[in-house]
Amino acid sequence: MKSVLSVMTLLLACVVMVSGITLSYFTNLSVESEIHFTTGTVNVDIEDMSIADGTWADWKPGIENAKKVKCTLLNDGTMDAYLRICINRGWTPDSSKTSPATPEVTFVQTGSPVWTEKNNYWYYPGIVAPGQRVTFNFNVSLDSISGYLDEAYNLSLSVEAVQAINDTIPIWD
């Protein structure tokens with residue numbers, strides 16, 4: 001009787017073990033996942049750059065004579081973007097200058113919102129949506145024109161943009 005009981009227990013254990021392995025072999029599932037890609041463009045244009053009184057012809061030294069410059073930028077792309085501006089500037093090189101010192105030209109941002117300056121770049125404080133216009137206003141003044149009367153001062157603006165992804169901090173360089 002003991003041997004019959006042992007054989008039955010062994011047989012039952014084999015049946016359970018085989019059926020358990022078979023059951024888990026046939027119940028393995030894979031989870032289907034989808035990845036969505038969205039394509040778009042990041043395109044920012046300098047729509048307008050103007051001087052409040054319309055001319056540089058009568059630029060005189062002193063903060064009270066500062067020229068008020070307004071720059072309007074447009075996100076013409078299809079994606080949200082972060083913006084930064086670089087102001088390139090300087091006197092036209094000329095070896096005939098009599099003054100040993102180059103006049104100091106000062107830039108002071110005006111208006112709102114406040115852009116952040118770092119390493120000659122000005123960073124817009126938020127995300128610019130497609131179709132949105134933002135402005136960058138600043139005053140330009142010089143301390144003296146000694147030896148530089150009727151000389152050309154060059155001012156150019158370049159704008160850079162990177163796609164804004166999930167409110168992450170952009171990597172510029």
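In which sense do strand 5 and strand 6 pair, and over how many bridges? Strand 5 and strand 6, the latter covering residues 121-123, pair in the antiparallel sense over 3 bridges. Two strands are said to pair if DSSP finds at least two bridges between them. Within this pairing, Thr-116 has Tyr-123 of strand 6 as its bridge partner.

Before I continue, a word on the basis of this talk. The model is predicted, so local features need pLDDT of at least 70 and side-chain atom pairs count only at pLDDT 80 or more, while totals for chains, interfaces and linings use all residues. Residues are numbered from 1 along each chain as its sequence is written, and side-chain values use heavy atoms, with hydrogens and water left out.

Let me turn to the overall chain. It has 1 helix and 8 strands, in the pattern α-β-β-β-β-β-β-β-β along the sequence. Helices (H or I, at least four residues) and strands (E, at least two) are DSSP runs, numbered from the N terminus. Of the 173 residues, 27% are buried; buried means under 20% relative accessible area, exposed over 50%, and partly exposed in between, with a 1.4 Å probe and protein chains only. Among contacts with a separation of 6 or more, 81% join residues 24 or more positions apart, where contact means heavy atoms within 4.5 Å.

The next element is strand 4, residues 105-110. Strand 4 runs antiparallel to strand 7 (residues 133-142), and 6 bridges join them; Phe-107, for example, has Val-140 as its bridge partner in strand 7. In a regular strand the side chains alternate between the two faces of the sheet. In strand 4, Val-105, Phe-107 and Gln-109 form the covered face, whereas Thr-106, Val-108 and Thr-110 form the uncovered one.

Is Gln-109 buried or exposed? Gln-109 counts as buried because its relative accessibility is 19%. Its side chain reaches the backbone oxygen of Pro-113 at 3.1 Å and the backbone nitrogen of Trp-115 at 3.3 Å. Leaving aside neighbours within four places in sequence, Gln-109 is in contact with residues including Trp-122, Phe-136 and Phe-138.

Trp-115 leads us to the core. The largest nonpolar core has 23 residues, and Trp-115 is among those with the most contacts inside it, as are Leu-73, Ile-85 and Phe-136. Such a core is a set of buried Ala, Val, Leu, Ile, Met, Phe, Trp, Tyr and Cys residues joined through side-chain atoms within 4.5 Å. Strand 2 (67-75), strand 3 (81-91), strand 4, strand 7 and strand 8 each supply at least two of its residues, and strand 7 gives the most, with 5.

Finally, I come to Pro-61, in the loop between strand 1 (44-51) and strand 2. Pro-61 is partly exposed, with a relative accessible area of 28%. The C-alpha atoms of Pro-61 and Ile-145 are separated by 6.6 Å, although the two are 84 residues apart along the chain.

Notes. A polar contact is a pair of N or O atoms within 3.5 Å; within protein, one must be able to donate a hydrogen and the other to accept it, and residues adjacent in sequence count only if both atoms are side-chain atoms.
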